[in-house]
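I opened the model with a few plain things to look up. These are my notes, in the order I made them.

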Number of protein chains: 2
Amino acid sequence: MIPIHTLIPIDKASATPIYLQIANGIIHCIRSGHLRKGLKLPGARILADTFKIHRNTLQMALDELVAQGWLEIVSRKGTFVANDLPVMRPIKFSSNETLAHYPEKTIFAVKKMGVESYAQTNFQQDRNLIITEGLPDIRIAPMQQLMREMRSIEKRSGFKKYFNYGNPQGTLYLREELSSFLSDTRGLSISSENIIITNGAQMGLYISANLLLKAGDEVVVAEPGYHTATLTLERAGAVINRVPVDDYGIDVNAIEMLCRKKKIRLVYIIPHHHHPTTVTLTPDRRMRLLNLAAQYKFALIEDDYDYDFHYSSSPMLPMASLDRHGNVIYIGTLSKTLVPAVRIGFVVAPKNFIEEATQFRRSIEFQGDTLMEIAIAELYKNGTIANHIKKAIKIYKDRRDHFCGLLQDKLSDKINFKIPEGGMCIWAKFMDADLKKVAEKASKKGLTMNNGETYNRIKNYNATRLGFSSLNVKELEKAVNILVECI
Amino acid sequence: MIPIHTLIPIDKASATPIYLQIANGIIHCIRSGHLRKGLKLPGARILADTFKIHRNTLQMALDELVAQGWLEIVSRKGTFVANDLPVMRPIKFSSNETLAHYPEKTIFAVKKMGVESYAQTNFQQDRNLIITEGLPDIRIAPMQQLMREMRSIEKRSGFKKYFNYGNPQGTLYLREELSSFLSDTRGLSISSENIIITNGAQMGLYISANLLLKAGDEVVVAEPGYHTATLTLERAGAVINRVPVDDYGIDVNAIEMLCRKKKIRLVYIIPHHHHPTTVTLTPDRRMRLLNLAAQYKFALIEDDYDYDFHYSSSPMLPMASLDRHGNVIYIGTLSKTLVPAVRIGFVVAPKNFIEEATQFRRSIEFQGDTLMEIAIAELYKNGTIANHIKKAIKIYKDRRDHFCGLLQDKLSDKINFKIPEGGMCIWAKFMDADLKKVAEKASKKGLTMNNGETYNRIKNYNATRLGFSSLNVKELEKAVNILVECI
């Protein structure tokens, strides 16, 4: 037999167990013809010595290969490469085919998605304390219940149909539960026909923007505002008009002036806890904005991503609940209510909009995540989500109070902020400190925060969002202490 | 107290249990102010009589309301509307607000997604036998193992990080497992950097098409071809050029002629089991097409949605495995390998393409379904997927043989077809029968089949795809018997 160990390099640092590296290596040799059918392998001890590994490890590799059908044990004779190999032997379609490296780059040019790329938020790799943006605390979310519901889909015969193709609008079951929930909590008198389930709020925005806009359409956003939304609107063709935000929300006078000058197609707002400044749009501005929308017939995208988390017990009803004419496209999500990895969001709009959005969603991905939809519907039905929201409000309110107290005690001469009525963040204006340097230093000391780049690109507020919701009291104290050291 | 039963209509036909209807109705009355804080409720017997329901049912409603905090029991005094109400009382932001109907339509025009809409495939509602398209048999898929892995994410402390925000390219863990699997089964010598995970093959196509095309770009597809892909390419701006397919696959001469006449940006092909005709592109045509791609620098989208299911034990390696220059964008999916509701697909391409695709995916939905990705990665690692494929090949091959045998016995004078080497369907040309009428009749008798509309719109082949993979032998016999009755 050929010295197969020379063909099977073992990487002891790899995440793949050694026995599996060997098993896969032997499969590779069988496939490539280096080990022919029917070949008798040397004894396990000899092989183990050849590979310089423990005999048990080698035995695991052999067991794996026998289980997969690559090897056969003939009793009292030994171990052989199987004559009837288990899987497909793909045909090479060219005789002068040689093992080539996969190409480094495409031969053709690929559209660039723009220099202003979306911020990376792969928090899975981050071992720091994280106060970047507002994150839900994954430790308090009812994930056990969610996973239990998920698993029970497989066990309930009536639910197995959900393994098949489904409706790109989202399963009826979830849309019905959700329309009741939205009616109860947000005063939206809607039916399941007014809802499309999306993969998080971002897909709601992507679909709405691309359905509403063609290149050159005039769109209004707030400044400072939610950068990712602005980018999504721009990529859908929008010409962006920025209007200021003050302590009472977006400047509706400025919007009216724009409407007089040009045809505004769409206004994007976060009336409840504006991103990034956390202010709430006042009732009279809301009424005026709705009236303007009716008069100038523009679409209002109301992004209400953290409605559930309001700490004064009196959130303002969404503008969508007062929409008489069909101006408002209302976007929400469960990624903040549960955990970010649960990509269930929704759009509420008049039926004609939802129908086209459904067609569009179908062209993007056929359908959403039915299994997650069903599990979430069950959690709505049995009250788990409502109960979790109650619990989370209490916890996050305490954390907000604690965090704001700490900042006021220790950093009131360095950071300016208002206590937010809801949400998961404060909008912190740094008086003199260089935010980028602070964030850089903090990261080295074990604290990840947003360096403000996304918020201060149009105008420099020297401000950033600091999230409090995902850290407990002890962790918040640690985080603030690091902040104090770094400013 | 007001006669609350008049405000709470009970619908005995509803899926919502009656006690929950009453509980929700009472919550509504409390919220709306019809039942004020501190109000004492009548005794349970009186209330039960008022609602004309059994006292136990009423007690369940009361228990629910107490548990949720809407009612309080004061011992020896009675049941009261709680003074400290449990959830948020949203503020109405207008005083002259009246309960309005939600608008029927938007006030602004919404882009129409086109008359040629995607076919509806909501098979969840269908109680017929289904031979529409090729569907995997959800009964044989390893869903129990998948759901177990899913649930274990919540139980393994090292995996909880996956509840947080993740990478829009897909989790590294799955991309690494998948690149090994693709290398083993398809001869693709790639790394995790050459893979983006998508929501099914459709999202791979959507992203690729929109990344590659601008309005007016010339694109080549096969005729007959996969209608949904053509539509996706058109919506991304493509001008469609159709070239014929014969028994050896797409006509490469015709593609070369087009290349000489105009700048071709992209060619879309399904070389393995062409949709709809199931033919496999021959090796020499593959080589010629790859050479053409290199010469004319066009992108080749290789859609390989059912590579795994080949019954002659010798599938052809994908064209991507021989790509030397970076021409091929390779698309695959697990929706056929497992079940349609598992929306995990992938694109394999040179790194520069994957990077832009990742940015694009982020703008659509931030990230994919991390939890499903991790569960699938585990199934790759522990061999479940490889084993399932082996099992499914055996089962589907038997079904193909049985189905084709039945058709030859009973319908050889009505239907023309070739036995496909792989996949889940046959391409059935009906000699005289009116396909639409056949499908209509069949549906009434309990058999759902495609009436051919999507396949015969450019040219009338009077043909449709009949799927055999999701029905067992008995069901196939039933299906063919219904077909016989309907032709």
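**Entry 1: a hairpin in chain B.** I began with the hairpin of β1(B) and β2(B), where 3 residues lie between the strands and B:R76 has a positive phi near 65°. The model is predicted: local features need pLDDT of at least 70, side-chain atom pairs count only at pLDDT 80 or more, and totals for chains, interfaces and linings use all residues. Residues are numbered from 1 along each chain as its sequence is written, chains are lettered from A and ligands numbered from 1 in the order in which they are written, and side-chain values use heavy atoms, with hydrogens and water left out.

Strand β1 (residues 71-74) and strand β2 (residues 78-81) of chain B run antiparallel and are joined by 4 bridges. I looked up B:V74 and found B:G78 as its bridge partner in β2(B).

Entry 2: Most residues other than glycine have a negative phi, and most peptide bonds are trans. A:R76 has a phi near 65°, positive although the residue is not glycine. A:R76 sits in the loop between β1 (71-74) and β2 (78-81) of chain A. Is A:R76 buried or exposed? A:R76 counts as exposed, because its relative accessibility is 86%; the cut-offs are under 20% relative accessible area for buried and over 50% for exposed, with partly exposed in between (1.4 Å probe, protein chains only).

B:F366 also has a positive phi, near 65°, and is not glycine. I found B:F366 in the loop between α10 (351-365) and α11 (370-381) of chain B. B:F366 is buried, with a relative accessible area of 12%.

**Entry 3: cis peptide bonds.** In chain A, the bond joining A:H275 and A:P276 is cis, with omega about 10°. A:P276 lies in the loop between β8 (264-269) and α9 (283-296) of chain A. In chain B, the bond from B:H275 to B:P276 is cis, with omega near 10°. B:P276 is in the loop between β8 and α9 of chain B.

**Entry 4: the sheet of 8 strands in chain B.** I traced an open sheet of 8 strands in chain B, in the order β4-β11-β10-β9-β8-β5-β6-β7, with mixed pairing. β4 (195-198) and β7 (249-250) of chain B each have a single partner strand, so one side of each has no neighbour in the sheet. Inside that order, β8 (residues 264-269) and β9 (residues 299-303) of chain B pair in the parallel sense over 4 bridges. B:Y268 has B:I301 as its bridge partner in β9(B).

Helix α8 (residues 252-261) of chain B packs on this sheet and touches β5 (218-223), β6 (239-246), β7 and β8 of chain B. Contact means heavy atoms within 4.5 Å. The direction of α8(B) makes about 150° with that of β6(B); axes are lines fitted to C-alpha atoms, for helices over the stretch in contact, and angles run from 0 to 180 degrees between N-to-C directions.

**Entry 5: two helices in chain A.** Helix α8 (residues 252-261) of chain A packs with α9(A) at an angle of about 10°, and their axes are 10 Å apart. That makes α8(A) roughly parallel to α9(A); angles under 35 degrees count as roughly parallel, over 145 as roughly antiparallel, 65 to 115 as roughly perpendicular and the rest as oblique. Among the residues that meet are A:V252, A:I255 and A:C259 in α8(A), and A:L289 and A:L292 in α9(A).

**Entry 6: the core.** Which residues have the most contacts inside the largest nonpolar core? They are A:I376 and B:I376, in a core of 202 residues. Such a core is a set of buried Ala, Val, Leu, Ile, Met, Phe, Trp, Tyr and Cys residues joined through side-chain atoms within 4.5 Å. Not counting residues up to four places away in sequence, B:I376 touches B:L146, B:L174 and B:I385, among others.

**Entry 7: chain A overall.** I counted 14 helices and 15 strands in chain A. Buried residues make up 62% of its 487 residues.

Technical notes
Two strands pair if DSSP finds at least two bridges between them.
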